[in-house]
Structure formats: C-alpha cells, structure tokens
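Student: I would like to learn how to read a structure step by step. Could we take one feature at a time, with the general idea before the case?

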Amino acid sequence: MARFQTVGKGPEADPKEKLEKHRRAGRILREVREEARGLIQPGRSLLEVADFVEGRIREKGAQPAFPCNISRNTEAAHYTPAPGDTLLFGNDIVKLDMGVHVDGYIADAAITVDHSDHPELVQAAEKALQAAIGVIHAGVSTAEVGAAIQGTIEEFGVKPVANLTGHGLGHYTQHDEPAIPNRRVTAGTLLKAGDTIAIEPFATNGAGRVKDGPVTEIYMLTDPRPVRLPSARSLQADIQRYKGLPFARRWLKGERIEMGLRQLEVAGALYRYPVLVEAGGGLVAQFEHSVIVTENGCEVFT
Ligand code: MN
Ligand code: MN
C-alpha cells in the first residue's frame, strides 16, 4: 500500500497529547464496535451497518479514519458498501474493520462475526492476535510478532494470510512504518516505547494469500495534481478534506463522480484499494487491535 504522503496534514501534537488522542479514538471505536456487532445478522443490510458505524463515530465527536470495511467470506478486506448498496448478510463469515481518528490520530480494529460455522478460523485469528499482543514490548522485533502469529494460526490447522500485514499508525497516515508481518520473516524491525501500531492477523483455509478482486469502493488522495476536467477538479478539492486518509465512493456527492475518479487516477493523484480476495478461494477471519508499545508490554487502546 502507498506509504508516501504529500497531502497537507497540519502540525503534529506533542507526544503526550498524541497518545491521548489515540486513546480517545480507541474509546469511541470500542463503544461503536460493541453497538454494531449485533447488527451483523442474516437478512440485514451491509449499508445499514456501515452507515450506523460511520454515523455513530461522528456523533461521538470523532471522524472515521477510513470507510467502515465489511468484507464477507473469501473477501479478506476493503469492501465497503457502494452508493445505494442492496447487499444483505447471509450465513457469512464477516470481517467488520473500523477506523476512528481524533485530529488525525487513529484507532484501527476489526472483529469477525461468523454465521458460517467456521470456529477454527475465528479462533485462529483471535488467538493469534492475543499471542502477538503477548510478545510485544519495547525492543522486540516485528519478526518475533510474525512468528507468534503464524505459529498460533497453524495450531488450528489453517494458514495466515502472508501478504497482509499490520502497520504503524501515523498522523493522518493509516498504513505507516513498520509493517507487522503475519508470518515468519527473516528480518524484522525493533519496536520502540511509544510506537502506535495495529496488529491484524488473518486466518484462512485457502492458499494463504490475497489478490486484488474486481471491485473498488475505497480510494485515497495521495498526490494532488493540476487537472483540467471540471468534474475532476471539484472532486479533488472536495476530497482534500480527508487529508490523505481513505474515503468511500459512497461518501462523494456531486456530478460525474465516476469520471472525476477516473481522471484523478489517470493523473496519478489517487490510490485505489480494490477488494482483496483469498487467492485460493478460502474463507477468511481477521481480528485487529491498535496498541501503544511500552517498556514492558503494550497498551491495547481499542
Ligand atoms: Mn483495520
Ligand atoms: Mn489496520
């Protein structure tokens, strides 16, 4: 994913204030997650859940850090309802992945709600997250975190998704350094006290990797460019408000949105997040928490 940022984000807060803002985002995320969990039921609509989650975040005085992701079954990540989406939940394994930010300081967390009867996948991902949290402290290598995740997931007879990772949480930057691998790697990065990171193991009964699917509903402005087409120009002015964080096509108002998005993409201003699907057609479970690394462990703030 794109790690470069040139969109204006404003000055950063001092370290203590930063952590307070991350924690405030985390408290709001926790409350909304618990309210939303029960809405994921066969027969109910995906759009209703996404609107609820994003609306509640705003009501509580924060902003979504990215569109509410609701990915089902072989989709691992990055589906969010389309404008006017009519999809309904069935007996699905559902990943609800939510982001909240307070002045650009992000909380990112996900749960799996399973109506498909695959407890081994759910447990593998959930226990792997616990195992990862258990090994984190200042000075630990991300390689050790990845090994704990892979080892735990394999105990359930399933596989980690090797090409998805956790990540640092930067100011208005959802996917910052360092990457937190979900598998054994030869070289890692040492975590430091005060680092804010998201850990997100994915477990699958498929090939163990994801590929881009055909649908894109989430975009991010990475590099504003001079564009001539009026629809692209007004769209680019409008999406500056997200300060380089991901946004949903569903959030956009106005004329000729499709054409504007296409023009901005061609101009190199926009990054797209296609829905990621399991390459072997496997089902996928995911759990995610955001943490602050401390000398002796970590503080989970979601
Ligand atoms: Mn997430
Ligand atoms: Mn994440």
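Student: How far apart do the C-alpha centres of domain 1 and domain 2 lie?

Tutor: In this model, which is predicted, the C-alpha centres of the two domains lie 25 Å apart. The domain assignment gives domain 1 as residues 15–214 + 280–300 and domain 2 as residues 216–273.

Student: How many residues of each domain are in contact, and what area is buried between them?

Tutor: The size of an interface is often given as the accessible area lost when the parts come together. Here the area buried between domain 1 and domain 2 is about 1400 Å², and carbon and sulfur atoms give 64% of that area. On the side of domain 1, Pro67, His78 and Tyr172 supply 37% of the area that this domain buries against domain 2, which is more than any other three residues. Counted by contacts, 24 residues of domain 1 meet 13 residues of domain 2.

Student: Now the helices: at what angle do the axes of α1 and α2 cross?

Tutor: The axes of helix α1 (residues 15–37) and helix α2 (residues 46–59) come within 10 Å and cross at roughly 145 degrees, and the crossing is right-handed. Ile28, Val32, Glu35 and Ala36 of α1 are in contact with Phe52, Val53, Arg56 and Ile57 of α2. Sorted by class, this contact has 6 nonpolar and 2 charged residues, with no polar ones.

Student: What is the strand order in the open sheet that contains β1, and why do β1 and β4 have one side without a neighbour?

Tutor: The order is β1-β3-β4, an open sheet of 3 strands with antiparallel pairing. Because β1 (63–72) and β4 (105–114) stand at the edges, each has a single partner strand, and so one side of each is left without a neighbour in the sheet. From one strand to the next, the twist averages 10 degrees. Helix α1 packs on this sheet, where α1 touches β3 and β4, and the direction of α1 makes about 25 degrees with that of β4.

Student: Which residue in β3 is the bridge partner of Asn69?

Tutor: The partner is Asp97, and β1 and strand β3 (residues 93–102) pair in the antiparallel sense over 7 bridges.

Student: Which strands make up the open sheet that contains β9?

Tutor: That open sheet has 3 strands in the order β5-β9-β13, again with antiparallel pairing. Strands β5 (159–160) and β13 (284–286) stand at its edges, each with a single partner strand, so each has one side without a neighbour in the sheet. Strand β9 (residues 202–204) is joined to β13 by 3 bridges, and Ala203 has Ala285 in β13 as its bridge partner.

Technical notes. Residues are numbered from 1 along each chain as its sequence is written. Chains are lettered from A and ligands numbered from 1 in the order in which they are written. This is a predicted model: local features need pLDDT of at least 70, side-chain atom pairs count only at pLDDT 80 or more; totals for chains, interfaces and linings use all residues. Side-chain values use heavy atoms; hydrogens and water are left out. Axes are lines fitted to C-alpha atoms, for helices over the stretch in contact, and angles run from 0 to 180 degrees between N-to-C directions. Helices (H or I, at least four residues) and strands (E, at least two) are DSSP runs, numbered from the N terminus. A crossing is left-handed if the near helix is turned anticlockwise from the far one by less than a right angle, and right-handed if clockwise. Contact means heavy atoms within 4.5 Å. Ala, Val, Leu, Ile, Met, Phe, Trp, Tyr, Cys and Pro count as nonpolar, Asp, Glu, Lys and Arg as charged, and the others, Gly among them, as polar. Two strands pair if DSSP finds at least two bridges between them. Domain bounds come from an automatic or database domain assignment. Buried area is the accessible area (1.4 Å probe) that two parts lose on being put together, summed over both.
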